[in-house]
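Please consult the sequence and the structure shown below.

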Amino acid sequence: MSFCLETYLQQSDDYKVLAKNSGVKECYKIIETESDELIHVNPGDKILGARLIGLPPIPVGINEAEGTILITYTKPCHGTAAIELPVEKEELISIRKMDIGA
Amino acid sequence: MKAMILLGCPEAPAQTPLAVYASYKLNQMGYETTIVSNPAAGKLLDVCDPEHVYIKNREDIDRTLEDLEEGDYDLLLGLVHKDAAATFFVTYYHILQTKAIALIFSRDGAEVEEFVDMVASSTDAEIVAAKAYHNPTPIRVKLDKALKNFEIEE
C-alpha cells in the first residue's frame, strides 16, 4: 500500500489530533493512555508506508473497536503531534506483526 | 566517503552558520557532503552560499527519509537544538547505522541536558554539546576537536 501521511492529514478530516506542537515523550504518554492495545516499533519503521520518527521503542496504539491506530507525527519546526487515524482491519494485522516486543 | 549534515528548524540563529562551516570542514576532509533540511532551513543556506562554494549538495528532509537505506552515508552529523531535531537525528541514525556526531546546543542549559539524554540513550553517536544560541563559537570549537576522530583513513 502506498500512503503519504502528510497528504492524508492535509486532505482528510476523519482523524483526531490528540496533541500537537508537543514533545515526543509527552506524545508517547498520550498514546499509551488513549490506546486499548500497544505495539512498539523502531525509528524509521514504516507504518502504512510512512516512516515513523522518534525515540526507540516507538509506541503505536491500536483501538480495534474504533478501527483506529495512534501514532506520532513529527515536523522540524512544529514538534511532535499524537494523531489517531482510521485503518482497514487487514492493515491492523500487518501492523501487529511489526511489534518488536519492547 | 559520504557525509550527511542533518538540520533542524532554522529558528536557532547559530544553525545556519554552523551548517555552512561543517560542510566546509567535511568537504576539506574529503567527504562528499550533503545537507538535509526542511525547505525553510534550505532557503537560508541557498542565500548564504549562492555559488555553492561550501554547500555542494542539498536535499529535503522528508523525501530523503522516505528512501533512506542503511549504508547510504558514512557519517551523519546532526544539529540538534529542539526536541523534534533530536527525534529526527535518532531516526536517521537508526536507519543509516553509521558513525555519527550530534551537535547539541540551546540557549537553555536544561534543554541541552535533555537533548543530550535523548540522543545518548538512543544512539552511540559522539555528542558535542554546548550552551549556544546566537553565537556559534562555543559549539564550533568543540566540533573542530570532534572532527579529528572522523578523518578519512587513506
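Which residue of E2(B) is the bridge partner of B:Leu6? The partner is B:Val36. The model is predicted: local features need pLDDT of at least 70 and side-chain atom pairs count only at pLDDT 80 or more, while totals for chains, interfaces and linings use all residues, and side-chain values use heavy atoms, without hydrogens and water. Residues are numbered from 1 along each chain as its sequence is written, with chains lettered from A and ligands numbered from 1 in the order in which they are written.

**Strand E1 of chain B**
- Strand E1(B) spans residues 2-6 (strands, E, at least two residues, and helices, H or I, at least four, are DSSP runs numbered from the N terminus).
- Four of the five residues of E1(B) are buried (under 20% relative accessible area, 1.4 Å probe, protein chains only).
- E1(B) runs parallel to E2(B), residues 32-37, and five bridges join them (pairing requires at least two DSSP bridges).
- Helix H1(B), residues 15-28, carries the chain from E1(B) to E2(B) in a right-handed β-α-β crossover (clockwise from the first strand over the helix to the second, with the strands pointing away from the viewer).

**Strand E4 of chain B**
- E4(B), residues 75-80, is largely enclosed by the rest of the structure because six of its six residues are buried.
- In a regular strand, side chains alternate between the two faces of the sheet.
- B:Leu75, B:Leu77 and B:Leu79 point one way from E4(B), and B:Leu76, B:Gly78 and B:Val80 the other way.

**Partners of E4(B)**
- Four bridges join E4(B) to E1(B) in parallel; B:Gly78 is the bridge partner of B:Leu6, and B:Leu77 stands opposite B:Ile5.
- Six bridges pair E4(B) with E5(B), residues 99-106, in the parallel sense, and B:Leu79 stands opposite B:Leu103.
- From E4(B), the chain crosses through helix H4(B), residues 83-96, to E5(B), and this β-α-β crossover is right-handed.

Key. Buried means under 20% relative accessible area, exposed over 50%, partly exposed in between (1.4 Å probe, protein chains only).
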